[in-house]
Every structure is written in structure tokens, then in C-alpha cells.
Amino acid sequence: MMHQRTQAIRAAARKLLAQGRVDVVIGYTQGTIPLRAQPYLAYTPEECDRLIWSSFCGGNLATFASGRTDRVAVVAQGCVSRNLNGLIHEKRLRRENLYVIGVPCLGMLDQRKVETKTAGRIVATLENDPEEDMGEITVSGCDAAGECFTERLKRRDVKRDNCYTCMHRNPVIADEMVAEPVTETAGGDINAVAAPWERFDAERRWAEFTKTFEDCIRCYACRDICPLCYCTTCFTDESDPQWCGKTQDPADVQTFHILRAFHCAGRCTDCGACETACPQGIRMRRLTSKLEKDVRTLWGHDPGMDSEAEPPLATYRPDDPQEHFK
């Protein structure tokens, strides 16, 4: 557990609730297994003792603030703060009802990468979680045969993929910060994520897309954790017209992911929550990376940086050249 950040978050949350400035603080608490954190809503100063900050705070807390009308405080790193901005723009949140407890982020870690590094053995304890990017975590456990192990892993070797290329690690809006700002970018080339798709011809792209999503079980975990998916009735549940069936037929699976990706285009902050939530380990960014790059390069738009900025796919100009705009 990142001790200093945790203590600072708890102190800020206790103060806000004790002074009656907010009705609830939305943060993270320890999950039921060592390499997981889960969303947690604190309504009293005493409940703030359960709040934590760790390298496994991978869910997007903006999802749990969306649509609320009470006064909320949200613990937010860079990507979550950008989604909060987006929700303000889309009138899912009122800025005057929102208090942002900002957390400079060192990047979240990937549970599956840790398990791969430990040869699939079940991790029972996480004994160290450093507050610096070049640090090491220490994990330990015992396998079914009773053989115990302890592994020291470098943070950089087990980071989530999106955290290698993050361009906004510090919150873009914050009413207070719990630590000093970190280097703004993680150093990776975010445009390189989309590069393989641009080299493929259409046939190869379709083959790669089909293979990527062939294990999808339509559990909707990717949709449910995403702060962009707040429609009262999702298109998957529409019956008139029925946009796609509810089966696991490849055509239905592919239609779901394509439509959802375009629904999020120009709004996605690449937070990576969908990949973390997926029980099948599907790499969603293989689909979204090219859409995100096109939005950046064609429109110069970086989602969530400004709550006043209109997403490019939600606007048009009278002189747009395409015939269907006229």
C-alpha cells in the first residue's frame, strides 16, 4: 500500500465529511485478494479509515460519480479527472457539487502480469508498494503443493499497458492534491500503439480484430466499468430496432464492440479500466488505439482536458466538406 498517499487521502476525506462539505467520498478500498482494489463510498469520517491508495486502483471512479445529484468528493488520478471533466461537459455532474481529491499517479500495475512473473502461482500477500516509479513490489504466497515463494518485481515490468504511454499522470482538475506532482508523461509513445493497425491491410485488420475478441463472453464488464457508458438503455438492450443480438455468435460479439468503440470515440481517456475489468483478459486497446489517434491527429482533441471543449464527433460546421452534412 502506498502509505503516504493513503494517509493523505484519508485525512482529506475525513475533513470534508466532518465539515459537511460533501455527502460522500468516492475512493478505493482493499479488494478481497491482494492485487485488487475496489471502489468504496465513505459517508462518515470513521468510514474513511477504509480508504486506500495502491498500485492496483485500476477501476475508474468517475463511473460511480456519474449521475449523482448529491455533493461528492472523488479520489482522482489523471485519467479519472479527465473523465470527470467529460461528465461535467455532458451534464452528468455539476462542478459545484464535485470536490476532486487529486492524486499524482505513478501508473497502475497489471495483476495478470504479476501472475505471469510468478509463474501462475497465487499471490497471497503484497508486502511492499513503493511511492516511486522505479521501485519494486514484493509478493509472496504458496502453491497447491505447499511450496512457498517470495518475488521482488520492478514496478516498470508489471505496469498496465496504457500506463506506459500515459500523457497526463497528474489530475487536470483538483480541489486539493495529496502529493507533489510527478513527471507528466510516462515516457512511452502513445501513437505507436496504433502503428501496427496502420500497417495492416483491411483483410489483416479484420483477422486481428476477430482474433482479439473471439474469447468475449458478453459479460459487459468493459461497459459497466466505463464512465462513458451511462445510457439509460444500452443499444445492446434495444429491441426496436435491435442493433445486435444477445448471443455469443461472432457477428453479435463484433457488432457490440465496434458500436461501443465508436460510441466512445473522442471521449475515451485511455484509462484502461475496461482491460482490467475483463475476466477474459481481452486487450480492448487494440480496437480503441486507432480511433484515439485519429481524434488526436485529425482534430487535435485530447478528451477530458477541458470541461468546455466539445468532443469532435459531437459537432459539425456548415462548411464541412462531406455531403451528408449539407
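Which strands does helix H3 lie across, and at about what angle does it run to E3? I noted first that this is a predicted model. Helix H3, residues 78–89, lies across E1, E3 and E4, and its angle to E3 is about 140°.

**Entry: the sheet.** I traced an open sheet of 5 strands in the order E2-E1-E3-E4-E8, and its pairing is mixed. Strands E2 (37–42) and E8 (176–177) stand at the edges with a single partner strand each, so one side of each has no neighbour in the sheet. I then looked up helix H1 (residues 3–18), which packs on the sheet and touches E1, E2, E3 (72–76), E4 (98–102) and E8. The direction of H1 makes about 160° with that of E4.

Entry: E1 (residues 24–30) and E2 pair in the antiparallel sense over 6 bridges. I picked out Ile-26, whose bridge partner in E2 is Leu-41.

**Entry: a lysine.** Is Lys-159 buried or exposed? I found Lys-159 in the loop between strand E7 (148–154) and helix H5 (161–164). With a relative accessible area of 0%, Lys-159 is buried, because buried means under 20%. Beyond its neighbours within four places in sequence, Lys-159 has contacts that include Asp-110, Lys-113, Asp-133, Tyr-164 and Arg-169.

**Entry: a surface patch.** Leu-298, Trp-299 and Leu-313 make a nonpolar surface patch of about 350 Å². I placed Leu-298 in helix H11 (residues 285–299), and I noted that Leu-298 is exposed, at a relative accessible area of 60%.

Technical notes
Residues numbered from 1 in each chain as written. Predicted model: local features only at pLDDT ≥ 70, side-chain atom pairs only at ≥ 80, totals over all residues. Heavy atoms only, no water. Pairing = 2+ DSSP bridges. Helix = DSSP H or I, 4+ residues; strand = E, 2+ residues; numbered from the N terminus. Contact = heavy atoms within 4.5 Å. Axes fitted to C-alpha atoms, helices over the stretch in contact; angles between N-to-C directions. Patch = residues over 30% accessible without salt bridge, like charges linked within 9 Å, V, L, I, M, F, W, Y side chains within 5 Å. Areas by Shrake-Rupley, 256 points an atom, 1.4 Å probe, with all protein chains shown as cover. Salt bridge = Lys/Arg side-chain N within 4 Å of Asp/Glu carboxyl O. Buried < 20%, exposed > 50% of the residue type's maximum accessible area, 1.4 Å probe, protein only.
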